[in-house]
Every structure is written in C-alpha cells, then in structure tokens.
Amino acid sequence: MWINCWGRTIPQFSWDDYLTPKGERQELAEAIELFYQDYIIKGGNQENWKRRYLPTLNKLSSLTPSELIRVVSSTSPDSRNRQIYYDVVNKLAKFLRVSVDLESLRGNYTPTPRNIPSDEEIAQGYDLIPNPSWKWVYGMMSTYGLRNHEVFRIDSYSYPRISLRENTKTGKRDCYPCLESWIDLWNLTQINLPSVNLEQSNRSIGERVARQFKRYGLPFSPYNLRHAYAIRTIREGWPHVLAARSMGHSLATHNRQYHRWITSQQDQEIYEQIMKQKSNPKI
C-alpha cells in the first residue's frame, strides 16, 4: 500500500509484505530503507543518518524482538553508545510496530560536565584571536548561538536577524542575537568570512572551526559558545519557544539538551535578572 505524506508518496509498511520467503537480509534492508524514507520526509538530516543511525542499524541481523534487544544490550550500560543504540532501535521498532520492551535497557547516561564560558570569558576569548576573519566567525557563533558550520551557511543578513540556508544540520531558519550589543561591539555587520571550502560537508567545516579555535588557545570548545547562548536566553527572559526555534530545535529537545547544563550559580544569576526586570519594568 502507498500513502501520501507532506505531498510525497511513500510505501506504507505492513508485516504482510514480509511473510514471503525473501530472506532475512533482504527483508531487513527493505525495512531500513522504508525507515530511512520516513526519517528524511519528517525532516531528518542525511549526515546525521550516516553518522548516528547507520552504524547502529548495521549491527542488526534481523527484525525480531530478541535481535533488537541484543543490539541495544551489546553496548555498555549508562554509556553514550547505549543512549544512541536505544534511541535508534527504539525508533525503528515503533516505526515497524514491533512489540518489544527496550525501556529497561535505556539506562542513565550522564555526559561529562561542560566548561561553559560566561559572557566575560567569551569577550576575553574574542581578544585571543588575531585573525579578523576568525574573530568574525567567533563573534557570530557567540552572538547567534550557531553551530560551527552554520556561520558558513548564512543565506541572508537582515541585522539583527539572520537566516540560514537549508543545508545545515536542522535546515533553514531565522536566528536572533543574544546579546544584540555584540553586533556593534564586534562589527558583525561587516561580513568577513575566512577562506574555507564551502563544498565540504558540514562536519568537515565544523572540524576546521574547532581546529582553528584550538590553535588560538581558547580555553573552551567552540560548541560551548552555543550552550552559553542557550543559557543566556534564559537569563534574558526569552520565551523558550523563540530560543528553541532560533537554535533549530524542537522545544522538547531544547529543554532536555540545554537546561541540564545550568549550574546553581547560573540559576542564581537568572533569578536575580528576572527579579531585576520585575522591579524595573519598561514603560
């Protein structure tokens, strides 16, 4: 059977199609292909599919519940691999409507605490960079919470808003500055991209940014500028939905991904900022 989804026609999965003796490997390949089509139609990214989904799915030898459990169980409990395998296999099982209980295998993965810089530390980091083009990249990432590669995928500049192209990790979107004063402080309206091969993959461009920042001796990873942006939007009282959209996330992902990095000191700073805004309302 076929169904129409968002203007596109895709085959609807049915276990009846798999009752004929085609061979387990062929059945598995066809099921994963259907899963892939559904993933892409729903906004999935091909690079993320290759990096995160395929390595997990390639471990499967069949679609039986016991095999799904085996693959998830093959990873170390409470590890990042366990988290990834659980997430991918669980999504596959739900898509194929396979009745299997994986929840007990999910575990509790706790990432290593991040060294998230304060606004003052970010400003100090800017001064460490001698190259004007890479200063501009650093300033844009800090001000707009961009991923490493997204600085090189900007479609239009309508300051203070900028718009990203479709070929980013999470597609086309508008981004807003936090703090807006950094635009003038760092002269960000004067576009100054360094010479980077834009035909490279997003991952390769992102790695180039990380190497360059490490070369300049920055005491934190470039991706932590994005985490700092997320925390700053909370401190500045942004609606969560605006912050999530500006960063290219669903609201649920935004809350899960970034709120866990807020320290007790940052909680205190956010509280004090909110109280200050309440005691000094704008007229």
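Tutor: Gladly! Let us begin with T168, which sits in the loop between β4 (161-164) and β5 (173-175); helices (H or I, at least four residues) and strands (E, at least two) are DSSP runs, numbered from the N terminus. Before going further, note that this is a predicted model, where local features need pLDDT of at least 70, side-chain atom pairs count only at pLDDT 80 or more, and totals for chains, interfaces and linings use all residues. Residues are numbered from 1 along each chain as its sequence is written, and side-chain values use heavy atoms, with hydrogens and water left out.

With a relative accessible area of 2%, T168 is buried (buried means under 20% relative accessible area, exposed over 50%, partly exposed in between, with a 1.4 Å probe and protein chains only). Its side chain reaches the backbone oxygen of G171 at 2.8 Å. That is a polar contact: a pair of N or O atoms within 3.5 Å where, within protein, one must be able to donate a hydrogen and the other to accept it, and residues adjacent in sequence count only if both atoms are side-chain atoms. Leaving aside residues up to four places away in sequence, T168 touches N45, H149, E150, R153, R173 and N202, contact meaning heavy atoms within 4.5 Å.

One of those neighbours, E150, leads us to charge pairing. E150 forms a salt bridge with R147, their closest N and O atoms being 2.6 Å apart; the term means a side-chain nitrogen of Lys or Arg within 4 Å of a carboxyl oxygen of Asp or Glu. Both R147 and E150 are buried. By this rule the model has twelve salt bridges. Another of them joins R52 and D87, with the closest N and O atoms 3.7 Å apart. Because R52 lies in helix α2 (residues 46-57) and D87 in helix α4 (residues 80-96), this pair ties together parts that are 35 residues apart in sequence. D87 counts as partly exposed, at 22% relative accessibility.

Elsewhere, salt bridges that share partners join D119, R232, R235 and E236 into one network.

In α6, twelve of the 13 residues are buried, among them W134, W136, Y138 and Y144. At the start of α6, a side-chain oxygen of N131 comes within 2.8 Å of the backbone nitrogen of S133. The geometry fits as well: the 13 residues of α6 (residues 132-144) should span 18 Å at 1.5 Å a residue, and the end C-alpha atoms are 18 Å apart, which agrees. The expected span is 1.5 Å times one less than the number of residues. After α6 comes G145, whose phi is positive, near 65 degrees.
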